[in-house]
Amino acid sequence: MPILDRSAYSPIPQPLPGEIWELNIEEESQASKRHIAIVREPQSDNPLVFSAMLLSTKVGYLSNIDILIPVAISGLDRDILAETWNVGVLPVDLLSRRVGNRLSREIYDLLLSIGDVNRGISVDLPSMTSILKKRGSANEKLGLRTVDRANSSSQAINNFHQQENLWLQSLNPIAIANTEKLVRQAIEIEREFITFSQVRTCLSQWFQDIIEPEWQSLKSIDRRLAIPTRSLTLDDEITEIIALLKSTDTQILRQSIEHLGKIAEGNERAIQSLAAIVNTTPSDETLWLAVASLRQIAPEHPNLGISQSKSIDLGTTIDFVVNIIPKATDRVGILFQVYSAHSQTYLPANLKLILQDEIGNNLKEITARSNNTSIQLKISGIANEVFSICLELDGIQSIVDFVI
């Protein structure tokens with residue numbers, strides 16, 4: 001089943017550390033487009049902003065903190081300066097497109113380390129002679145270039161730093177306006193998602209006891225479930241069957257689970273054994289068989305998950321039952337069952353129970369035969385997964401939309 005991908009509805013870019021992006025600044029000409037290197041991607045608590053290091057094509061201002069990244073490293077059409085000292089927070093709306101190559105982790109860490117020294121966060125400047133390429137040197141190392149520390153104090157470089165810092169600060173009004181715009185967009189997207197979810201029955205909310213009014217607890221309806229007749233049995237027979245639950249033979253395991261549901265009402269050892277299977281089995285078939293048997297011998301047990309039902313009119317009324325239960329993994333097990341709501345024993349022949357994806361494609365179909373008292377369909381899914389169940393009889397359809 002397809003998973004609802006909310007990113008498909010979002011205009012927000014997702015930059016990653018070390019990536020080079022072109023900024024979307026209207027007053028900049030195509031020839032002078034500004035670039036930044038991502039320092040920190042948007043965080044979950046504020047996905048609308050990121051931090052970045054400013055890059056410049058003015059390579060004449062090379063210094064011990066303005067590090068030259070050659071074309072061979074950046075993948076751009078010209079050499080660039082990494083202004084390790086000039087890092088700021090920007091809104092993601094300023095990002096135009098990802099360009100060039102993503103910087104290696106070694107280069108990324110080095111540039112941040114140099115900037116940390118300039119900002120007073122660290123006192124140990126990395127050794128330039130061992131990791132950077134001097135002009136005219138045959139020792140490539142990381143392929144970057146710098147100059148002696150003394151040159152960084154020249155008036156020209158100081159003026160360059162002042163201009164670049166002012167330019168980055170000038171983006172603040174743009175940042176505020178664009179952030180407000182993105183907030184409005186995010187709110188609208190959230191509203192659309194909520195509206196989308198509200199037209200679907202949200203199964204995960206059932207675990208929080210938030211259940212739509214059209215659904216009823218199984219305790220409040222006449223299900224007419226076929227409960228096998230119990231026969232008197234000895235305690236040692238239950239003990240023998242519980243021992244068979246450890247069998248690696250799937251058929252023996254499932255037969256034992258089913259038999260306990262017939263004979264072990266109120267037996268604490270049987271209840272605990274079935275509850276353990278519900279909690280641990282990876283098999284949907286075994287899971288729901290254990291749930292059915294546990295329901296027969298301990299109908300109030302908390303491991304039974306949640307079951308709700310509603311009546312559906314297809315020319316004849318049927319009871320549509322939905323059972324959900326958390327699985328051993330992060331998935332949710334879901335069992336759909338259909339029973340007749342009238343006095344007749346059997347379901348109408350050719351009644352169909354159909355699983356559909358979010359755009360209405362049929363994924364799985366179960367058809368009732370003339371002697372079926374019920375039909376069922378088992379699936380499992382994860383949070384935000386969307387799908388529908390279509391019930392069809394003689395051309396009449398009723399579709400119930402779900403989101404986990």
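This note sets out, point by point, what may be noticed in the predicted model of this chain.

1. Overall make-up. The chain is built from nine helices and 16 strands. Its length is 404 residues, of which 45% count as buried. Among the contacts with a separation of 6 or more, 61% are accounted for by residues 24 or more positions apart.

2. Aromatic pairs. The count of aromatic pairs comes to eight. One of them joins Trp215 and Phe402, with 6.2 Å from centre to centre and 45° between the planes, and the pair is tilted. Trp215 belongs to the loop between strand S7 (201-202) and strand S8 (216-217), while Phe402 belongs to strand S16 (residues 396-403), so this pair ties together parts that are 187 residues apart in sequence. Trp215 and Phe402 are both buried.

3. A second pair at Phe402. Phe402 also pairs with Phe336: the ring centres are 5.6 Å apart and the planes stand at 50°, so this pair is tilted. Phe336 is part of strand S11 (residues 332-340) and Phe402 is part of strand S16, so the pair ties together parts that are 66 residues apart in sequence. Are these two residues buried or exposed? Phe336 has 0% relative accessibility and therefore counts as buried. Phe402 is likewise buried, its relative accessible area being 0%.

4. The aromatic cluster. Trp215, Phe336 and Phe402 are among the members of one aromatic cluster. Trp206, Phe320 and Phe387 also belong to that cluster.

5. Cysteines. How many disulfides does a search of the whole structure find? The search finds zero.

6. Pro326. This proline is found in strand S10 (residues 317-326). With 48% relative accessibility, Pro326 counts as partly exposed. Once neighbours within four places in sequence are left aside, Pro326 is in contact with Phe207 and Arg331. Pro326 and Phe207 are 119 residues apart in sequence, yet their C-alpha atoms are 9.1 Å apart in space.

7. Ser293. Helix H9 (residues 284-297) contains Ser293. Ser293 has a relative accessible area of 3% and is buried. Apart from neighbours within four places in sequence, the residues in contact with Ser293 are Ile257, Glu258, Gly261 and Leu274.

8. Most residues other than glycine have a negative phi. Two residues are therefore worth a look against that background. Asp209 has a phi near 65°, a positive value in a residue other than glycine. Asp209 is located in the loop between S7 and S8, and at 66% relative accessibility Asp209 counts as exposed. Asn384 has a phi near 75°, again a positive value in a residue other than glycine. The position of Asn384 is in the loop between strand S14 (374-381) and strand S15 (386-393), where Asn384 counts as partly exposed at 33% relative accessibility.

9. Rolling a probe the size of a water molecule over the atoms shows where empty space is left. How many cavities of 30 Å³ or more are there? The count comes to one. The largest cavity has a volume of about 50 Å³. Its lining is formed by Gly18, Ala37, Ile38, Val39, Met53, Leu103, Tyr108, Leu111 and Leu112. Strand S2 (35-40) and helix H2 (105-118) are the elements that give two or more residues to this lining.

Methods: Residues are numbered from 1 along each chain as its sequence is written. This is a predicted model: local features need pLDDT of at least 70, side-chain atom pairs count only at pLDDT 80 or more; totals for chains, interfaces and linings use all residues. Side-chain values use heavy atoms; hydrogens and water are left out. Rings of Phe, Tyr and Trp (its six-membered ring) pair if their centres lie within 6.5 Å; planes under 30 degrees apart count as stacked, over 60 as edge-to-face and the rest as tilted. Helices (H or I, at least four residues) and strands (E, at least two) are DSSP runs, numbered from the N terminus. Buried means under 20% relative accessible area, exposed over 50%, partly exposed in between (1.4 Å probe, protein chains only). A disulfide is a pair of cysteine sulfur atoms within 2.5 Å. Contact means heavy atoms within 4.5 Å. On a 1 Å grid over the protein atoms alone, a cavity is a set of points where a 1.4 Å probe fits but cannot get out, and a pocket is an open set with protein on both sides within 12 Å along at least five of seven lines; lining residues have an atom within 4 Å of a point. Grid points are joined across faces, edges and corners, and a volume is the space filled by probe spheres set on the points.
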